[in-house]
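Me: Please go through the interface of this model with me, setting each term against the rule behind it.
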There are 2 protein chains.
Amino acid sequence: MSLRYAVLGLLARRPSTGYELTQTFDRSLSTSWHAGHSQIYPELAKLEAAGLINLVGEGARRSKTYGITDTGRAELRRWLVEAEPDRSQRSESGLRLFLTPLLDPADRMQTFERDLAHVEHELAALEALQADQADTAEPEVFAPQVDLGIRVNTVLRDWLREQIESASA
Amino acid sequence: MSLRYAVLGLLARRPSTGYELTQTFDRSLSTSWHAGHSQIYPELAKLEAAGLINLVGEGARRSKTYGITDTGRAELRRWLVEAEPDRSQRSESGLRLFLTPLLDPADRMQTFERDLAHVEHELAALEALQADQADTAEPEVFAPQVDLGIRVNTVLRDWLREQIESASA
DNA sequence: TATAGCATGTAACGAGTTACATGATTGG
DNA sequence: CCAATCATGTAACTCGTTACATGCTATA
C-alpha cells in the first residue's frame with residue numbers, strides 16, 4: 001500500500017505529471033522507495049477513481065498533470081499520523097553484510113573495500129547537495145534529511161574503515 | 001534473486017530445516033530481509049533441484065534438514081564477491097520521513113515522538129544482545145554487525161531528539 | 001486427551017520488474 | 001529530417017503476502 005501514499009505525498013508537494021513523478025522517485029526517493037512508470041500510471045488512475053487526486057491540466061505531448069484533492073490530503077495525513085508504520089526494511093546490502101562472515105579474509109576485505117568506495121561516493125554526493133541547498137530558496141529535499149543521510153553514511157564509512165584496518169593489523 | 005542467496009547463506013552457516021530458516025529470517029535477518037515459510041519451502045525445492053543444497057537428514061515431525069553442497073558454496077561466494085550488489089533499499093520509514101515536512105508542526109512532532117520511542121526500544125534490544133554476546137562462545141550474530149546497528153540507531157535517535165528540541169524551542 | 005508449538009506444504013492475490021508499444025516535441 | 005527526450009500506456013512475468021490446509025509430538 002505504500003506506493004499509493006508515496007504518489008499522494010509527492011502530489012501534495014506540488015501537482016505533477018506521471019513522468020515527473022517517475023523522475024522524482026529516481027532522484028529524491030531512490031534511497032527509500034522505488035517505482036517505475038509502469039507502476040505509477042496505473043496508480044494515478046486508481047487514485048483518480050478513488051477521488052484522492054484529480055486532473056488539473058493537460059499540456060504538450062499529451063501530458064496530464066494531477067493534483068491532490070482535499071480528500072486526498074486528509075487520507076495522506078491519516079496515514080502519516082495515525083496508521084501504524086511498517087518498520088520492515090528490504091535491503092540486499094544488509095543481507096550481504098550479514099553473510100560476510102562466511103567469506104575468507106581476502107574475499108571479505110574485497111567486499112568491504114567495494115562497499116567503502118560506494119559509501120564514500122554517496123557521502124560526497126550528499127555533501128555536494130548540502131552545499132547547493134545552502135543557497136537555494138526552495139530546497140528540493142528537506143535539509144535535516146540530507147543531514148541525517150550524511151550522519152548515517154559517515155557511521156557506515158567509519159565502520160567499514162575499522163573492519164578493514166582491524167583485519168590488516 | 002536475493003531470497004535464493006539468503007537461504008543458501010543461512011544453510012552455509014549450518015544445516016537447517018525450512019522451519020528453522022523461517023525463524024532465523026524473523027530473528028536475525030528481519031532488519032534487512034524478510035521471508036515467510038510459504039516462500040522458503042518452494043525455494044528449498046528449487047535449490048535442491050539445482051544441486052545447490054541437498055537433503056542431509058530427516059527427523060521427527062517429518063522435518064527435513066538441508067545442507068549446502070560444494071556447488072552451492074561456490075555459487076554463494078560468486079554472488080557475494082563477484083556479483084554487482086543491488087544497492088536499492090525499500091523502507092516505508094524512509095518514505096514517511098521524506099513526507100514528514102508536509103505535516104503541520106503538531107502532527108510532525110507526534111510522528112517524531114513515535115519514531116523516537118521505537119528507535120530507543122531497538123537500541124535497548126541491540127545493547128542487550130551485545131551484553132549477552134560478550135559471554136557466549138558461539139555468537140549467533142557477528143559482533144561488529146551488532147555494533148554497527150547500535151551506531152546507526154544512535155545517529156537516528158540523536159537526529160530525532162534534535163528535531164523535537166529545535167521545534168519546541 | 002486436548003492444546004500448543006513443531007513442521008511442511010499449496011493457492012490466491014497483490015505488488016513490483018522487465019519488456020513491449022506508441023506518439024509528440026525540441027534541438028541539432 | 002533525425003535523434004534524443006518527453007510522455008503515456010499495457011502485457012507478461014516474477015516476487016512476496018495472506019490465507020488455507022494438514023499432520024506430528026511433547027506436556028500439562
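Me: What is the area buried between chain A and chain B, and what makes it buried area?

Reply: In this predicted model, the area buried between chain A and chain B is about 6100 Å², with carbon and sulfur atoms giving 61% of that value. The term applies because it is accessible area that two parts lose on being put together, summed over both. On the side of chain A, the residues that lose the most are Arg87(A), Arg90(A) and Phe98(A), together 13% of what that side buries.

Me: Why is the meeting of Asp115(B) and Arg87(A) called a salt bridge?

Reply: The N to O distance between their side chains is 3.0 Å. The rule asks for a side-chain nitrogen of Lys or Arg within 4 Å of a carboxyl oxygen of Asp or Glu, so the pair qualifies. Across the interface of chain A and chain B, six salt bridges are found.

Me: What makes E4(A) and strand E4 of chain B a pair?

Reply: Three bridges join them in the antiparallel sense. At least two are required, and therefore the strands pair. For Gln89(A), the bridge partner in E4(B) is Ser91(B).

Conventions
Residues numbered from 1 in each chain as written. Chains lettered and ligands numbered in written order. Predicted model: local features only at pLDDT ≥ 70, side-chain atom pairs only at ≥ 80, totals over all residues. Heavy atoms only, no water. Buried area = accessible area lost by both parts, 1.4 Å probe. Helix = DSSP H or I, 4+ residues; strand = E, 2+ residues; numbered from the N terminus.
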